[in-house]
Amino acid sequence: MAPDSDSTLPSSGGTGAREEETVKVPSKDLKKKDDKKDEDLSEEDLALKQQLELYVERVQDPNPGLQKVALESMRHEIRTSTSSMTSVPKPLKFLRPHFATLKAYYEQMSDSSLKILLADILSVLALTMSAEGERESLKYRLLGSEGDIGSWGHEYVRNLAGEIAQEYADLQSEDAPIDDLMDLVQQIVAFHMKHNAEPEAVDLLMEVEDLDMLVKHVDSTNFRRTCLYLTSAAKYLPGPDDMSVLDIALTIYMKFEEYANALQIALFLDNMQHIKQVFTSCSDMLKKKQFCYILARHGITLELDEKVASSDEDREALQEIMNNTKLSEGYLTLARDIEVMEPKSPEDIYKAHLLDGRASAGASVDSARQNLAATFVNAFVNAGFGQDKLMTVASDSSSGSSSGNWLFKNKEHGKASAAASLGMILLWDVDSGLAQIDKYFHFNDNHIIAGALLGVGIVNCGIKNDCDPALALLGDYISREDPTIRIGAIMGLGIAYAGTQNDLIHAKLSPILGDAKSPLDVIAFTAISLGLVYVGSCNEEVAQAIIFALMDRSESELDDPLTRFLPLGLGLGLLYLGKQDSVEATAEVSKTFNEKIRKYCDMTLLSCAYAGTGNVLKVQTLLSHCAQHLEKGETHQGPAVLGIAMVAMAEELGLDMSIRSLEHLLQYGEQNIRQAVPLALGLLCISNPKVNVMDTLSRLSHDTDSEVAMAAVISLGMIGAGTNNARIAGMLRNLSSYYYKDASLLFCVRIAQGLVHLGKGLLTLNPYHSDRFLLSPTALAGIITMLHACLDMKAIILGKYHYVLYFLVLAMQPRMLMTVDENLKPLSVPVRVGQAVDVVGQAGRPKTITGFQTHSTPVLLSAGDRAEFATEKCDFLPSSLLAITVGCTS
């Protein structure tokens with residue numbers, strides 16, 4: 001037994017020792033770990049750690065006096081360390097192990113001021129220690145004191161704002177009261193607004209759906225940054241939130257008397273009451289003159305009454321600016337300043353001498369078609385200059401009137417475009433223009449008279465006149481027998497009165513739509529003209545008239561490509577351009593149309609109604625229509641593709657994304673989609689030649705399908721319109737030599753060349769203005785009409801309706817910045833012109849332009865340019881990117 005007992009002793013001792021070891025080893029390791037951790041800490045940090053641990057013990061002490069001292073000391077340590085957060089503050093790091101202990105103790109405490117103090121501390125500790133989604137920081141904040149929230153530091157406030165947004169959503173779904181939460185929001189917003197964090201304040205208020213609170217927190221130092229963020233954010237918000245955000249921005253601008261910016265928002269909202277309110281609130285006459293320039297650029301007229309301007313003289317001065325009568329004068333001042341008054345001939349644009357022998361050989365091909373092309377090139381290049389080398393040359397005694405000579409170098413309907421081109425050359429100069437066009441009314445040729453009528457409309461485009469010369473001259477010709485003359489008069493009225501909603505025009509044109517004897521082309525152009533005059537007005541009478549005209553069409557007429565203009569007149573419903581949901585009733589009616597045109601009408605209405613809104617859901621709807629592979633003869637995918645561009649052109653991000661989507665459509669789409677893609681690209685980058693789009697169009701201009709190639713060539717002209725872009729000009733020259741045997745494609749190349757040199761590089765077709773914030777509805781309407789015509793090049797542009805190209809005149813505007821004195825006389829002032837920089841959400845006063853050069857006004861502004869005044873000597877009105885800016889020398 002003894003050995004056994006002996007043998008058991010060591011074993012028992014062994015187990016005892018082993019037990020002892022198992023107990024000791026971890027403690028040794030822990031100690032080592034702790035020692036190592038403590039060794040890593042500096043003496044200062046170690047002291048802080050021990051101090052905080054002592055505070056944690058004291059907090060749990062039954063003596064309230066000790067508790068209070070411990071809590072206040074802990075609060076002091078945390079506050080001093082969280083005021084600037086670059087990494088996790090040391091007190092928060094050292095208190096991490098004790099978070100659960102303090103939480104447990106908090107639950108046991110009885111209600112007292114000390115409990116509130118501990119809640120404050122727990123709320124800050126939860127910043128780094130709380131589990132995801134627990135929202136403990138907010139929970140303890142609401143249980144704690146209502147003291148200064150900013151004393152705990154910016155990061156804490158930002159974290160609270162994030163938790164509030166989640167909590168608000170939960171409370172809303174449960175219909176629980178939110179008063180406590182809103183008190184906290186008020187504190188946070190006040191803190192953010194004082195500390196240059198306006199975007200965060202706006203975001204929080206958007207989350208809790210109470211943006212109105214913002215108005216009382218903005219002051220003169222931060223209202224501009226706040227409003228800039230609001231207007232930029234509005235582009236990405238769904239309706240109706242976007243409108244309510246802009247309303248707040250308008251209210252803030254009005255509060256700080258920043259009337260020019262308030263007016264731009266009122267125009268964006270298309271709210272005449274707000275526009276009038278801006279005029280009546282402002283007492284400065286000079287500023288009102290500036291507002292009238294903004295309205296004239298946007299194409300809107302305002303009834304001026306006693307409230308707007310008290311004296312007749314002032315009202316007259318304002319009305320004159322709004323009527324745009326001085327536009328021609330300002331434009332020619334710019335042309336003289338830049339020394340481009342010398343008229344250019346089409347040959348100066350073609351630069352055929354730079355090409356090899358083939359191009360000159362091509363000159364003999366289809367000369368009537370070439371002369372027609374030269375007519376358009378001449379009209380586009382010399383637009384608004386009042387002189388050219390084909391139409392206005394002084395008559396030579398031996399050869400008679402040379403303009404007459406050029407007229408007769410065109411055949412039949414070509415003469416109409418030639419006569420109308422005189423209107424383009426004399427653009428905006430009503431008195432001189434009407435006098436020079438008058439001679440064409442005495443010809444016996446109906447085509448020339450039709451062209452003269454259209455020319456009268458073009459001269460009056462965008463210019464308003466109390467005498468209404470366009471209506472007086474054109475009104476009598478509407479009821480003539482000859483359809484060509486009728487179309488000239490109708491189209492002339494549409495262009496001259498675009499966007500005016502003039503009831504006299506409605507009275508003249510509406511009966512034609514219901515007239516069974518009128519030919520289809522007359523009815524189609526009537527629909528377009530009514531659409532232009534009532535663009536974006538949602539006028540029910542006009543809509544009904546066009547709907548009945550559509551329903552009355554026979555099967556055979558529905559196959560005619562011109563029938564496309566009827567839904568366009570409706571879509572340009574132009575009536576519903578940019579009016580979003582207002583189109584729904586009409587869209588329902590369109591479902592009852594003949595199936596040949598039903599889908600086409602649907603697409604046109606949808607794309608026009610959401611044009612320039614950037615509505616992502618509508619872009620997806622239109623893309624889904626483009627994704628379908630259909631049998632031949634379906635035409636509705638073309639307008640769907642154009643619709644994608646119309647909706648997405650609203651802001652840069654959507655624009656880039658839609659360019660990528662259109663690339664996909666090129667690869668996978670059917671033929672009718674491929675024909676529309678270049679036109680959509682042309683619309684997205686109009687007068688703004690982006691290199692990637694330029695390359696895509698250059699590739700497509702050599703496409704095997706001639707329709708695709710033609711659309712690409714026209715679009716090259718569109719993206720380079722008025723830029724004189726040397727790269728595009730070179731591409732087009734090469735294309736003219738490549739297509740020298742193909743009369744149709746060569747015609748398109750010539751038109752594109754004319755567009756690139758539009759107004760010798762002084763004009764733009766971009767419908768956006770005021771820093772790309774406002775979209776001019778008449779300009780967009782003109783461009784869309786032309787693009788829809790290009791969906792069937794062969795029947796319309798290359799057929800006898802080539803004068804549809806003149807609808808582009810609605811979008812032509814000088815791309816200048818001009819300064820005038822208080823008497824509206826040109827005033828030369830130094831300005832810095834550079835690339836615009838997006839400064840939304842940046843604190844302080846960052847530079848808004850980069851890579852600038854200093855010029856004297858008038859100056860040309862390219863796409864994406866912004867101008868700033870480089871002088872303190874003049875007092876200017878703060879809207880630096882308007883065609884004409886009013887200032888007064890001090």
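Arg866 is buried in this predicted model, with a relative accessible area of 16%. Its partner in a salt bridge is Asp771, and the closest N and O atoms of the two are 3.1 Å apart. This pair links distant parts of the chain, since Arg866 belongs to strand S9 (residues 865-869) and Asp771 to the loop between strand S2 (768-769) and strand S3 (774-775), 95 residues apart. Asp771 is partly exposed, at a relative accessible area of 39%. Asp771 therefore falls between the 20% and 50% limits, whereas Arg866 counts as buried because 16% is under 20%.

Salt bridges with shared partners also join Glu652, Asp656, Lys690 and Arg772 into one network. In total, 20 salt bridges are counted.

A further pair is Asp305 with Lys276, whose side chains meet in a salt bridge at 3.2 Å, N to O. It too links distant parts of the chain: Lys276 sits in helix H14 (residues 272-281), and Asp305 in the loop between helix H15 (285-298) and helix H16 (312-322), 29 residues apart. Asp305 is partly exposed at 28% relative accessible area, and Lys276 is partly exposed at 27%.

Within helix H16, Asp312 and Arg315 are 3 residues apart, about one turn of the helix. They form a salt bridge in which the closest N and O atoms lie 2.5 Å apart. Asp312 is exposed, with 53% relative accessibility, while Arg315 is buried at 15%. Asp312 counts as exposed because its value is over 50%. Side chains of opposite charge can pair when their charged atoms come close.

| Asp771 | Arg866 | 3.1 Å |

Arg369 is described here by a polar contact to the backbone. Arg369 lies in helix H20 (residues 367-381) and is buried, with a relative accessible area of 18%. A polar atom of the Arg369 side chain lies 3.1 Å from the backbone oxygen of Leu798. Leaving aside residues up to four places away in sequence, Arg369 touches Leu798, Ala743, Ser744 and Phe747.

Technical notes: Residues numbered from 1 in each chain as written. Predicted model: local features only at pLDDT ≥ 70, side-chain atom pairs only at ≥ 80, totals over all residues. Heavy atoms only, no water. Helix = DSSP H or I, 4+ residues; strand = E, 2+ residues; numbered from the N terminus. Buried < 20%, exposed > 50% of the residue type's maximum accessible area, 1.4 Å probe, protein only. Polar contact = N/O pair within 3.5 Å; in protein donor to acceptor, adjacent residues only side chain to side chain. Contact = heavy atoms within 4.5 Å. Salt bridge = Lys/Arg side-chain N within 4 Å of Asp/Glu carboxyl O.
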